[in-house]
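Let's take a walk through this protein together. Have a look at the sequence and the model first, and then we'll go through the parts one by one.

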Amino acid sequence: MGPAGGAVRPGRFYGVYLLYCLNPQHRGRVYVGFTVNPARRVQQHNGGRKKGGAWRTSGRGPWEMVLIVHGFPSAVAALRFEWAWQHPQASRRLAHVGRRLRGEAAFAFHLRVLAHMLRAPPWARLPLTLRWLRPDFRQDLCLPPPPHMPLAFGPPPPRGSVPRCHTSPRADTEPGMDPGAAEACCTLCAQLLQDEEGPLCCPHPGCPLRAHVICLAEEFLREEPGQLLPLEGQCPSCENSVLWGDLVWLCRMGTEEEEESESEEEHWTDMLETDPQCP
């Protein structure tokens, strides 16, 4: 497994969370939402609509963000996960999940749906992390997450600043070698790499791997020819086991655009919410 483990990988953060209402008048209500900033989002929910919270949570707080699933490759992927979690009966991928049982609490029902989602395609092959922000709310899921999805506890740690993989020459290029020749070519196909292609780099220190996405994906999928998205594989350069998600996150580092698009993304998810989350 890659070095990231249960930590938040560098790059953009996309999460889908579960809120739990602590208000005695509404205790037990839950709410599913999308965020790029968990701490800020829960403050918005507790601050009401004037502070950017959703209308379904406004005036019913305090709300506690007890659980978040993160590691989605894009905002769209996270929003699709959010919608399916909110509307399991409308999702064709969750047709096997029964309706909420009589006497089943909203919290238990949403955990049951989540357990099936993490085992269903396409989510079962994403490099997701299940994080309990409130460990005292933790419950074992009826189906354990796939082995490559770590279980984490507490708030997400700050995102690290890891240098992006570039194709420019390194200072340790051997004397007499054409500057950048070694790193300007894909390790696997030996074809030239372009900066805009975002070559994949191994996260293990000192590993020289630079590869096209398609080349490394094909290498990792040799043992799973029927799949399109790898889970993990052995680095062809250093031979260490690497999670596909770690490779992608190193390639797609976060930028200031994340903060600029935060309000737009969370306004988008508020517009998509159509069903009340009630006990």
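A residue is called buried when its relative accessible area is under 20%, exposed when that area is over 50%, and partly exposed in between, using a 1.4 Å probe and protein chains only. Helices (H or I, at least four residues) and strands (E, at least two) are DSSP runs, numbered from the N terminus. Keep in mind that this is a predicted model, where local features need pLDDT of at least 70 and side-chain atom pairs count only at pLDDT 80 or more, while totals for chains, interfaces and linings use all residues. Residue numbers start from 1 along each chain as its sequence is written, and side-chain values use heavy atoms, with hydrogens and water left out.

Now for the overview. The protein has 6 helices and 9 strands. Of its 279 residues, 49% are buried. Say that two residues are in contact when they have heavy atoms within 4.5 Å. Among contacts between residues at least 6 apart in sequence, 65% join residues at least 24 apart.

Strands of a sheet pair through backbone hydrogen bonds, either parallel or antiparallel. Here, two strands count as paired if DSSP finds at least two bridges between them. Five strands form an open sheet with mixed pairing, in the order E2-E1-E3-E4-E5. E2 and strand E5 (151-153) sit at the edges with a single partner strand each, so one side of each has no neighbour in the sheet. On average, neighbouring strands in this sheet are turned by 25° against each other, direction ignored.

Let's zoom in on E1. It pairs with E2 in the antiparallel sense over 6 bridges, and leucine 19 stands opposite tyrosine 31 in E2. E1 and E3 also pair in the antiparallel sense, over 7 bridges. Across to E3, leucine 18 has leucine 67 as its bridge partner, and tyrosine 20 stands opposite glutamate 64. Because 7 of the 7 residues of E1 are buried, the strand is largely enclosed by the rest of the structure. Gly15, Tyr17, Leu19 and Cys21 point one way, Val16, Leu18 and Tyr20 point the other way, and all are buried.

What lies across these strands? Helix H1 (residues 38-47) lies across E1, E2 and E3, running at about 145° to E3. H2 also lies across E1, E2 and E3, at about 170° to E2. For these angles, axes are lines fitted to C-alpha atoms (for helices, over the stretch in contact), and the angles run from 0 to 180 degrees between N-to-C directions.

H2 has 12 residues and reaches 16 Å from its first C-alpha to its last, close to the expected 16 Å; that expected span is 1.5 Å times one less than the number of residues. H2 is mostly covered, with 9 of its 12 residues buried: Ala75, Ala77, Ala78, Leu79, Phe81, Glu82, Ala84, Trp85 and Gln86.

That brings us to the inside. A nonpolar core is a set of buried Ala, Val, Leu, Ile, Met, Phe, Trp, Tyr and Cys residues joined through side-chain atoms within 4.5 Å. The largest one has 39 residues, of which Leu67, Phe72, Phe81, Trp85 and Phe107 touch the most other members. Two or more residues each come from strands E1 (15-21), E2 (30-35), E3 (63-70) and E4 (129-132), and from helices H2 (75-86) and H3 (106-117). H3 gives the largest share, 8 residues. Which residues does tryptophan 85 contact, leaving aside its neighbours within four places in sequence? They are Val16, Tyr17, Leu18, Val32, Leu67, His110, Val113, Leu114 and Met117. Apart from this core lies another, of 16 residues, including Leu193 and Cys215.

Finally, look at the rings. Rings of Phe, Tyr and Trp (its six-membered ring) pair if their centres lie within 6.5 Å; planes under 30 degrees apart count as stacked, over 60 as edge-to-face and the rest as tilted. The structure holds 8 aromatic pairs. Tyrosine 14 and phenylalanine 34 form a stacked one, 6.5 Å centre to centre with 15° between the planes. Tyrosine 14 is in the segment before E1 and phenylalanine 34 in strand E2, 20 residues apart. Ring pairs also link Phe72, Phe81, Trp85 and Trp123 into a cluster.
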